[in-house]
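Please read them alongside the coordinates.

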Amino acid sequence: MASHSGTKAIVAALVANLGIAMTKFLAWFLTGSSSMLAEGIHSVADSSNQLLLLIGQKRGQRQPTKLHQFGYARVRYIYAFLVSIILFTLGGLFALYEAWHKFRHPEAITAWHWVPVAVLVIAIVLEGRSFLIALTESKKIRGSQSLTSYVRTSRAPEIPVILLEDAAALIGLVIALFGVAMTLVTADGRWDAVGSAAIGFVLVAVALFLASEIGSMLVGESASDDVMKTITEALAGDGRDSLDLINLRTLHLGPDQLLIAAKFKTTEHVSGEQIAATINAAEVRIRAAVRHQCVIYLEPDIPASGSQPNTY
């Protein structure tokens, strides 16, 4: 997966959210709708998030240094984690606060009745287009893998984050449209507050899910099951250079970079030259089979009698 993976989806979401945010704030200014204010803040939070993802991609491309010898690719995880925090605080918690405030002091929409409805319908169309672009970009990567499985197992954070943000935005817009419509029909501002509260709960749920998933990436995740299988098969080979594994460990140094460490059996009768040739052949097979940039360390060992291989 290229390091610029998801850039098109991020830019599309950023452009859509900037335009949507301006129209939502205009609708809030004209009508005083709390749902519109909550949605406006939501769009600002989303725009900030997309800028953070773009910055993370750019900073993650820096070359390794003496201090950071494996490079900066994990920076993308840090920026994606910041996204979940902003979505939680600036988006979700603000919407919940606004709902609490407006429920205690409900205000009906008394002017410019058509504005929030028109803005929300336009926003749904724009957000839907952004979501479709993200779906198309994810399809190029996940292939036949289900969308749910892709979001949970992807080691690159950008497209899953955009997918979840856009999905939350669409749900929030539909909720806001319901709250505004009910407020207009009943002249009861509490419906607007209910809409704002529902938006807040959706954003908080998405933010907590993102924080959990990306936090796991920050701690350090192994290669996915299919990649582990590919590496194991490459190490096994099918000829005289095959390796008899004792254990295998992998770690994502970044979305596109993989550390592979393995220990394999040998005997005291094998020369150092033969071991080196076996290791070199195994590395060639791994690099040919795995799409990630690989840092590979293979160690020969004479196992103690009765020891069991441990490959997880």
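**Notes on helix packing**

1. Helix α1 covers residues 7-31, 25 residues in total, and its first and last C-alpha atoms lie 36 Å apart, close to the 36 Å expected at 1.5 Å a residue. That expected span is 1.5 Å times one less than the number of residues. Helices here are DSSP runs (H or I, at least four residues), numbered from the N terminus. Just after α1, Gly 32 has a positive phi of about 75°.

2. This is a predicted model, in which local features need pLDDT of at least 70 and side-chain atom pairs count only at pLDDT 80 or more, while totals for chains, interfaces and linings use all residues. Residues are numbered from 1 along each chain as its sequence is written, and side-chain values use heavy atoms, with hydrogens and water left out.

3. The buried residues of α1 include Ala 9, Ala 13, Asn 17, Ile 20, Lys 24 and Thr 31. Buried means under 20% relative accessible area, exposed over 50%, and partly exposed in between (1.4 Å probe, protein chains only). Residues three or four places apart in an α-helix point the same way, because there are 3.6 residues a turn. The buried residues of α1 pack against α2 (34-60), α4 (114-142) and α6 (158-186).

4. The axes of α1 and α2 come within 8 Å and cross at roughly 155°. This crossing angle makes α1 roughly antiparallel to α2, a label given to angles over 145 degrees. By class, their contact has 17 nonpolar, seven polar and three charged residues. Axes are lines fitted to C-alpha atoms, for helices over the stretch in contact, with angles from 0 to 180 degrees between N-to-C directions. Ala, Val, Leu, Ile, Met, Phe, Trp, Tyr, Cys and Pro count as nonpolar, Asp, Glu, Lys and Arg as charged, and the others, Gly among them, as polar.

5. For helix α8 (residues 225-236) and helix α9 (residues 272-289), the axes come within 8 Å and cross at roughly 150°. Thr 230, Ile 231, Ala 234 and Leu 235 of α8 meet Ala 282, Arg 285, Ile 286 and Ala 289 of α9. Six nonpolar, one polar and one charged residues make up this contact by class.

6. Phe 209 sits in helix α7 (residues 190-219). Phe 209 counts as partly exposed because its relative accessibility is 26%. Leaving aside neighbours within four places in sequence, Phe 209 is in contact (heavy atoms within 4.5 Å) with Val 151, Arg 152 and Leu 164. Ser 271 is 62 residues from Phe 209 in sequence and 52 Å away, C-alpha to C-alpha.

Terms used. Helix = DSSP H or I, 4+ residues; strand = E, 2+ residues; numbered from the N terminus. Parallel < 35°, antiparallel > 145°, perpendicular 65-115°, else oblique.
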